[in-house]
Amino acid sequence: MTAALASMFDRRDIGVTRIALSSGAILFGAGDVATHLYLVREGLLGVFDTVRSDDPRLVAFVRRGDTLGEMALLAGTSRTRGVVALRDCVVDAIGADAVFAAAQVDPEVMRELATLIARRASGTAVPTTLPRSVLIVEMAEDCDPHRLAHALAKRCVDLGYRAVALDGAALDLDVSGIAAAETGFDIVFVSALAHEADWAAACRCHVDRVLLLGRAQSQPPPDCALCSTEPLQANGLVELVLERTAGTSIRPSGAWIAATVPAQVHHITAGGEGIDRLARTLTGTAVGLALSGGGARAFAHVGAVRALREAGVPIDAVAGTSMGAIIAAGVASGWDDDELDTRMRDAFVTTNPLDDIALPIIAMTRGHKVETRLHRHFGAAVVEDLAIPFLCGAANLTTGRCDTFTRGPIVDALRASISLPGILPPVVRDGCVLVDGGLLRNLPTEMLRESHAGTVIGCDVSRAIGLSPAEVMPPRSWIGWFASGRWRRGPPLVSILMRSATISTHSEIATARAAADLYVMPELDMIEIRDWKSYPRAVDAGYRAMAAALATTPAPITHLRAVRESRRPRRD
């Protein structure tokens with residue numbers, strides 16, 4: 001579509017201004033008046049959502065042959081997003097008068113523009129931040145970036161994508177060969193050894209992503225980070241890959257993170273563990289799982305995870321809210337089905353975690369039992385060193401935003417995410433008050449989508465029928481209530497507070513559902529939100545719902561997002 005439009009302008013004698021942009025230069029910013037349509041001749045630009053000016057988010061790449069800026073130009077509005085050169089670029093700028101004049105002479109010009117805008121507005125022309133070229137740089141002399149490049153290329157071919165691994169010798173140290181390779185392959189891997197600093201530096205201006213390859217058992221070399229103002233580094237396109245010896249556990253990565261300042265950390269072994277996941281991540285075929293909060297109903301997630309594993313569906317990233325965050329953290333920690341089941345029973349089923357009743361000044365419980373159990377099962381582990389990438393959210397009552405935890409102690413993240421207002425004391429961090437994430441984003445599919453380009457599966461246990469009148473009636477006999485032990489579940493007020501924290505509006509549900517490629521809602525109306533003893537029934541309901549959903553998917557789960565976006569691998 002855009003190639004056809006570029007060809008139309010090439011055939012016409014219209015006013016075109018050719019602009020050379022150095023890497024990092026701003027083409028236009030959000031709020032700027034739209035005066036030109038742009039055709040990208042060389043290089044790569046990034047489109048940034050600047051709704052939050054303190055945290056611009058990369059939402060799309062614009063490549064050679066693409067157009068940009070046509071929607072605001074034709075609508076006569078200001079730019080809604082900013083565009084920055086991520087490589088050295090050459091861009092043709094065509095003024096509004098020239099565009100409209102060309103459209104008057106040749107209606108096909110306006111038809112092409114209208115079709116392009118319609119496709120973008122309808123979602124059929126989906127923007128992507130998936131890389132076409134990836135540079136792998138050796139950061140420790142006992143690593144092998146060439147081997148990793150070839151391994152990733154092979155995995156990508158197995159996934160159905162055309163991939164190639166190249167190094168300085170194959171390209172004869174000519175970086176123009178990277179762009180040439182992009183025309184024939186879906187993804188190009190370029191590798192550079194530690195002593196090839198000049199080659200690596202030259203390549204950085206011609207790739208979409210940089211992977212810094214380090215050795216987990218060693219310390220990072222001095223001054224190994226890229227400049228924080230370099231476009232790829234500043235815009236979250238530099239990632240860290242830590243390789244460890246096969247058969248060993250993940251090592252703490254804090255020193256490497258401090259030295260390289262990566263957007264994400266990937267853990268692999270020399271034997272190949274983790275490389276499949278990295279290949280799926282780079283091709284947009286990774287599978288992310290988002291789990292909602294919902295009290296005891298969230299046990300359904302345990303069954304849903306088991307159904308996914310039995311079907312052979314990889315789980316490459318997880319996100320969770322409240323109780324869903326705890327189960328997601330277990331998955332991210334590498335717990336198998338038996339371990340996940342055993343730990344959930346120990347933490348929440350054998351005895352009630354919310355029966356350390358307190359004088360209700362801040363909350364009805366002290367929260368000590370919950371914290372003790374979180375420490376028992378997750379210890380001192382940190383989010384960035386989990387086997388699978390993990391996210392969880394908490395509602396920030398100070399700022400009114402949903403805070404996302406991507407680094408730091410797992411226990412701290414989970415304690416904030418499950419702090420049901422009125423039931424558990426809130427968490428105070430960096431001068432802010434954090435409570436249960438379900439207040440703002442109970443099913444975190446949208447949160448996962450912001451950092452995950454592949455398939456997103458959402459498992460929602462919050463949409464079951466809420467509270468029945470019987471659940472909020474005071475006990476007929478307080479003596480009998482205490483004698484029976486039902487007091488350990490808390491008074492009816494607990495159910496009211498828990499349901500209030502996990503209820504979702506129709507618009508919130510629609511937003512969460514739109515961000516999911518597969519949406520699963522187990523039948524849990526028979527399970528009360530604080531009935532921890534209902535664990536087996538909830539697990540079974542989650543298993544059956546996920547198994548039924550998987551049986552009806554129109555494409556392999558790994559490629560569900562790619563099919564939905566018509567982003568299939570090229571076969572020619």
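A: Phe348 and Trp532 are both buried, where buried means under 20% relative accessible area, exposed over 50% and partly exposed in between, with a 1.4 Å probe and protein chains only. The model is predicted, so local features need pLDDT of at least 70 and side-chain atom pairs count only at pLDDT 80 or more, whereas totals for chains, interfaces and linings use all residues. Residues are numbered from 1 along each chain as its sequence is written, and side-chain values use heavy atoms, with hydrogens and water left out.

Q: How many aromatic pairs does the structure hold?

A: A pair of aromatic rings is described by the distance of the centres and the angle of the planes. Rings of Phe, Tyr and Trp (its six-membered ring) pair if their centres lie within 6.5 Å; planes under 30 degrees apart count as stacked, over 60 as edge-to-face and the rest as tilted. The structure holds six such pairs. Phe299 and Tyr535 form an edge-to-face pair, with 4.9 Å centre to centre and 70° between the planes.

Q: Which parts does the pair of Phe299 and Tyr535 tie together?

A: Phe299 lies in the loop between β15 (287–291) and α11 (300–310) and Tyr535 in helix α20 (residues 535–550), so the pair ties together parts 236 residues apart in sequence. Helices (H or I, at least four residues) and strands (E, at least two) are DSSP runs, numbered from the N terminus. Phe299 is buried at a relative accessible area of 0%, and Tyr535 is buried at 1%. Phe348 and Trp532 form a stacked pair, 6.1 Å centre to centre with 25° between the planes. Phe348 belongs to helix α13 (residues 337–349) and Trp532 to the loop between β22 (518–520) and α20, so this pair ties together parts 184 residues apart in sequence. Ring pairs link Phe299, Phe348, Trp532 and Tyr535 into a cluster.

Q: Which ring does the charged end of Arg306 sit over?

A: A charge sits over a ring if NZ of Lys or CZ of Arg is within 6 Å of the ring centre and within 35 degrees of the ring normal. The charged end of Arg306 sits over the ring of Tyr543, 4.3 Å from its centre.

Q: In which sense do β4 and β5 pair?

A: Two strands pair if DSSP finds at least two bridges between them. Strand β4 (residues 44–49) pairs with β5 in the antiparallel sense over six bridges. Leu44 has Arg63 in β5 as its bridge partner. Six of the seven residues of β5 (residues 57–63) are buried.
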